[in-house]
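Please keep the model open while reading.

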Amino acid sequence: MPPNPSRSSAARINGVDVTRSLAIMLAMLSHTLIQFDVFEAWHGPTATFTRFAIQTAPVTFICLFGAMLEIVYAPRFAAGGAEAATRQLWTRALQCYLLYALTVIALHVSGGQSLGYTIRCLLMLGVTPYADILKFYALALLAAPLLLRMRLRHGLGAVLLFAVAVPAAHPLLAQLPEPPLLFGRDYFLKPASFLYGGTSEAGGPSVLHGLALVAAGMILGRGVRLLLSAEAAERRRGGLVLGLMLATTAGASAAMWNWQAPYETVVAIADMSLRNDNHPIYAAIGLTATLLEVLLAVLLFDRLGRRWGKPVLFLGRTSLFTFSFGNILLYLAPERLPALGGGLPLALVFFAIMLGQSWLFLRLMTPVSPEASRVWTRIATGFQRLVRGMQRPVDRTVSRLVPASA
């Protein structure tokens, strides 16, 4: 899978790229800490607040996916390039699914689940540790053209309505009955939880709640675009949009917080119970953190031109590879031996390897400079040829689904 082509041809917003990369780093760090049972040995407020901070990361990278739709793809749709943009989005969707399938197969090979359950996962009827974000992204990318058409036809007001209506409907969604049994088994329970919530069988947010975060991200993306405009009036509008968003999400978080026992809310975010229940406070807190991070990052890396966030950008540009092969690395990791530090040293080693393989992937996919050595040139060009060969069937499949306009 090549680096994200959607960003290469557009003016980059460094603050958004850095924020997304840091969120992906936090998510993968969380996976390694959980995989090696670090939180089983590490207790107390410090561990809880660390997990609390980590749990904002999924909201951030889902929200910034929506920002990317607004910043990169909405102008293409508006300029008459809807077919080409749809092909690109659906190509990414198919890539996501294939990487998800590869990850599921790796989990089966590792002995983590049976063949029957692996087939259910491949049919999107099961739940896997760590890898379901790829399944979500596959569906979100598939639905992205619909969101973009809604945005262009009805404006950001319709997008805002959707972003607010889904979390507001939480009491109703939580009361939906469980799907019926099939042959006496609850085969539909996990996919129903994954699609719309209502149960905690899937590690939320559900597809429905995730798409609401994508919609919120589109509004954030609009605010960022205005904030970085050359026109002073548009910069003020951008600041107003982002300021109103921040006031709304912070106010909603405060309104839903359990002030009689404040620490219980921190714990419920940290242990993922509110996330798995698709409770609106999880999205509100995550969006508040995302807005603060984006505002700070845009100020530092776009307004002030700071460059010290550049080393982490490779994670944002290799996100699908990182989510897939990083989790495959964890699936295939040997069982943890009794280790010093309650598993923390081993977790950090695997986290470093995970980052290294993502950096190497981007390095290999970068066009070779004339000054490169002959050995590196052969390795990189051979690897790129291999990836392009794997990409061609994906491109042909999507081209049949979305033919170029005459």
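Which residues are buried in α18? They are Ser319, Leu320, Phe321, Thr322, Phe323, Ser324, Gly326, Asn327, Ile328, Leu329, Leu330 and Tyr331, where buried means under 20% relative accessible area, exposed over 50%, and partly exposed in between (1.4 Å probe, protein chains only). This is a predicted model, in which local features need pLDDT of at least 70, side-chain atom pairs count only at pLDDT 80 or more, and totals for chains, interfaces and linings use all residues. Residues are numbered from 1 along each chain as its sequence is written, and side-chain values use heavy atoms, with hydrogens and water left out.

**Helix α18**

- Helices here are DSSP runs (H or I, at least four residues), numbered from the N terminus.
- Helix α18 covers residues 319-331, and its end C-alpha atoms are 18 Å apart.
- Most of α18 is covered, with twelve of its 13 residues buried.
- Packing partners of the buried α18 residues are α2 (14-35), α5 (57-78), α6 (82-109), α8 (132-154), α17 (313-317) and α19 (344-365).

**Helix α14**

- In helix α14 (residues 262-270), the buried residues are Thr265, Val266, Ala268, Ile269 and Ala270.
- These buried residues of α14 pack against α4 (45-54), α15 (273-276) and α16.
- Methionine 272 follows α14 and has a positive phi, near 70°.

**Cysteines**

- A search of the whole structure finds zero disulfides, a disulfide being a pair of cysteine sulfur atoms within 2.5 Å.
- For cysteine 63, the closest cysteine sulfur belongs to cysteine 96 and lies 18 Å away, so the two are too far apart for a bond.
- Cysteine 121 is also in no disulfide, and the nearest cysteine sulfur, that of cysteine 96, is 17 Å away.
- Cysteine 63 counts as buried because its relative accessibility is 0%. Cysteine 121 counts as buried at 0% relative accessibility.

**Surface patch**

- Ile105, Val109 and Leu332 make a nonpolar surface patch of about 290 Å². Patches take residues with over 30% relative accessible area and no salt bridge, joining nonpolar side chains (Val, Leu, Ile, Met, Phe, Trp, Tyr) within 5 Å and like charges within 9 Å. A salt bridge is a side-chain nitrogen of Lys or Arg within 4 Å of a carboxyl oxygen of Asp or Glu. Accessible areas come from the Shrake-Rupley method with a 1.4 Å probe, and for residues only the protein chains shown count as cover.
- Isoleucine 105 is in helix α6 and is partly exposed, with a relative accessible area of 41%.

**Loop positions and pairs separated in sequence**

- Glutamine 113 sits in the loop between α6 and α7 (115-122) and counts as buried at 11% relative accessibility.
- Leaving aside residues up to four places away in sequence, glutamine 113 touches Val104, Leu107, His108, Thr118, Cys121 and Thr128; contact means heavy atoms within 4.5 Å.
- Glycine 305 lies in the loop between α16 (280-303) and α17 and counts as partly exposed at 43% relative accessibility.
- The C-alpha atoms of glycine 305 and asparagine 14 are 9.0 Å apart in space, while the two residues are 291 residues apart in sequence.
- Arginine 363 is in helix α19 and counts as partly exposed because its relative accessibility is 35%.
- From arginine 363 to alanine 380, 17 residues apart along the chain, the C-alpha separation is 8.2 Å.

Conventions: Helices (H or I, at least four residues) and strands (E, at least two) are DSSP runs, numbered from the N terminus. The expected span of a helix is 1.5 Å times one less than its number of residues.
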